[in-house]
2 protein chains.
Amino acid sequence: MFRTLAIVGVGLIGGSIALAARARGVAQQIIGIGPSRFHLEAAVRQGMLDTFDTELKAAGNADAAIVCTPVNQIAQHVAELVVITRPGTLITDVGSTKAGIVRTLAAELRDGFCFVGGHPLAGSEKSGPQFADARLFENRLVILTPNRHFNHDAAPRATAMWEALGARVKLMSPEEHDRAMAITSHLPHLVAAALAAMLPDELRELAASGFRDTTRIAGGDPRLWLAIVEQNQQAIDDALNELISNVAACFTGSDWGLDRTVKSDVVLKLLTDAKRNRDALGS
Amino acid sequence: MFRTLAIVGVGLIGGSIALAARARGVAQQIIGIGPSRFHLEAAVRQGMLDTFDTELKAAGNADAAIVCTPVNQIAQHVAELVVITRPGTLITDVGSTKAGIVRTLAAELRDGFCFVGGHPLAGSEKSGPQFADARLFENRLVILTPNRHFNHDAAPRATAMWEALGARVKLMSPEEHDRAMAITSHLPHLVAAALAAMLPDELRELAASGFRDTTRIAGGDPRLWLAIVEQNQQAIDDALNELISNVAACFTGSDWGLDRTVKSDVVLKLLTDAKRNRDALGS
């Protein structure tokens, strides 16, 4: 599919793309670009990459470039790639937020360049190429967020690439994507983190499998997630307000904390709705 | 250890106690007591129980009785067992809340009967004896909550029983237990349920592993969990207020939802504290 595929940011996701592209013959040559010569050399030795560079301009000859850097760096990296690559080079990203990135690029760059925002719904609380997995995207959903400012070929080409990597593709608007992720990912992350942060050391031994499951994603990289929260703050705040209002509705009485009591009918409805939704997801 | 062990309520926990007691030779005979003849007959056929009855009085000759019914029924079942069993019969329970149960029993019954409250920190979002597991308690912690109103032999005898079933035992006061569980179990359950309940059907396909982990416990039985929330409402409300205040502190600005912005330093501290606590728990 590609002679040269450039992966900008070789972490869990970028590394997994490299492994999947290699395993499925999606690219003849894979070049990894990142700040750490040490990590990139290791990735080349392990056969994940063919070559590497610490400068973005090394992606100049790629047929396709996938930006896998933190969400607060993606727009800048895409903008630089547009300048240094040949016309028609497919550029996409894997950021967990989309509206801010697409808005920035649409405002700053000439129309028609071959970019489409992307977000594979795969990953884990782990980070780093040592956790990369060639099968990470198998049957997983990748959201692409086409925008009329960009070349209309970008979405079908990125779709073909992701399908070749084993994923399924769904198109959404950037704003629709971000509102959805606030509910399915960003707010759950913030809440899981708040629960984990509340655990006093002396109660650690009492945290059983339920607590571990509920807070697992709180093991994610704080700086990556701070950038996500900053990028999608409005939608997360909206979702947070809805959540707080739904949980607070379980208790009645004064705000003074003295005579609040549980509203059993509200709690039962919440628990019942929750079980129906969770059962529908499967394990 | 026991000639006859009575298990009142043969669900996931009661069934697992039966299987573990059988596998480890803790009781010569195991009798299961519950409302459903159909389910109990199946449990006898599978070898989980030796015999069963739908009437509590069948536990009259047991050397030990473990009450595994929903938390809002435990106090009544224990009180009845005290009446029908021989003096010195060990009676304990596995309820997820302790203060209300112990308070009710201490008020209603004569001092000195051989009861100690218990809570094995094991289980799952599944319910029913079909998910019972002989190894459910291996190396898991069981909290026992001794109370001065009851026979002082109860705690050491229950400790010996749980250790024979493979578990480790920790003693706490009933109130201390309930405050701890509000943070490690009950509030996480309520929050996971609120997140799951918020998921619109059309976003279901977008819920990836993070959402699944965070909301897994929301698959639990709504009526069992309503009873837990009702029993421990004060401690859950306190923990909920702390959580809401910690999450709300991540945003600044007016309450009108128009110009709230994220406070990056607060979010970063929350995410960093959360990761430290979560990493300390292990996978």
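**How chains A and B meet**

In this predicted model, the contact draws 84 residues from chain B and 84 residues from chain A.

Me: How do you know how much area is buried between chain B and chain A?
Reply: Buried area is the accessible area that the two parts lose on being put together, summed over both. Here that comes to about 7700 Å², with carbon and sulfur atoms giving 68% of it. On the chain B side, Met198(B), Leu206(B) and Leu281(B) lose the most area to chain A, together 10% of what that side buries.

Me: What makes Arg260(B) and Asp237(A) a salt bridge?
Reply: The cut-off is 4 Å between a side-chain nitrogen of Lys or Arg and a carboxyl oxygen of Asp or Glu. The closest N and O atoms of Arg260(B) and Asp237(A) are 2.5 Å apart, so the pair counts under that rule. Between chain B and chain A, the count is six salt bridges.

Me: What else links them, and which helix of chain B gives the most to the side that touches chain A?
Reply: There are 24 residue pairs in polar contact between the chains, both residues at pLDDT 80 or more. Helix 6 of chain B gives the most to that side, with 15 residues. By class, the side holds 48 nonpolar, 20 polar and 16 charged residues.

Me: Why is this called the relation of a two-fold axis?
Reply: Chain B can be laid on chain A by a turn of 180 degrees with a shift of 0.0 Å along the axis, and the RMSD is 0.0 Å. That is why the relation is that of a two-fold axis. In chain B, the C-alpha of Thr214(B) comes closest to the rotation axis, at 1.9 Å.

Methods:
Residues are numbered from 1 along each chain as its sequence is written. Chains are lettered from A and ligands numbered from 1 in the order in which they are written. This is a predicted model: local features need pLDDT of at least 70, side-chain atom pairs count only at pLDDT 80 or more; totals for chains, interfaces and linings use all residues. Side-chain values use heavy atoms; hydrogens and water are left out. Contact means heavy atoms within 4.5 Å. Buried area is the accessible area (1.4 Å probe) that two parts lose on being put together, summed over both. A polar contact is a pair of N or O atoms within 3.5 Å; within protein, one must be able to donate a hydrogen and the other to accept it, and residues adjacent in sequence count only if both atoms are side-chain atoms. Helices (H or I, at least four residues) and strands (E, at least two) are DSSP runs, numbered from the N terminus. Ala, Val, Leu, Ile, Met, Phe, Trp, Tyr, Cys and Pro count as nonpolar, Asp, Glu, Lys and Arg as charged, and the others, Gly among them, as polar. Copies are superposed by least squares on the C-alpha atoms of residues with pLDDT of at least 70 in both.
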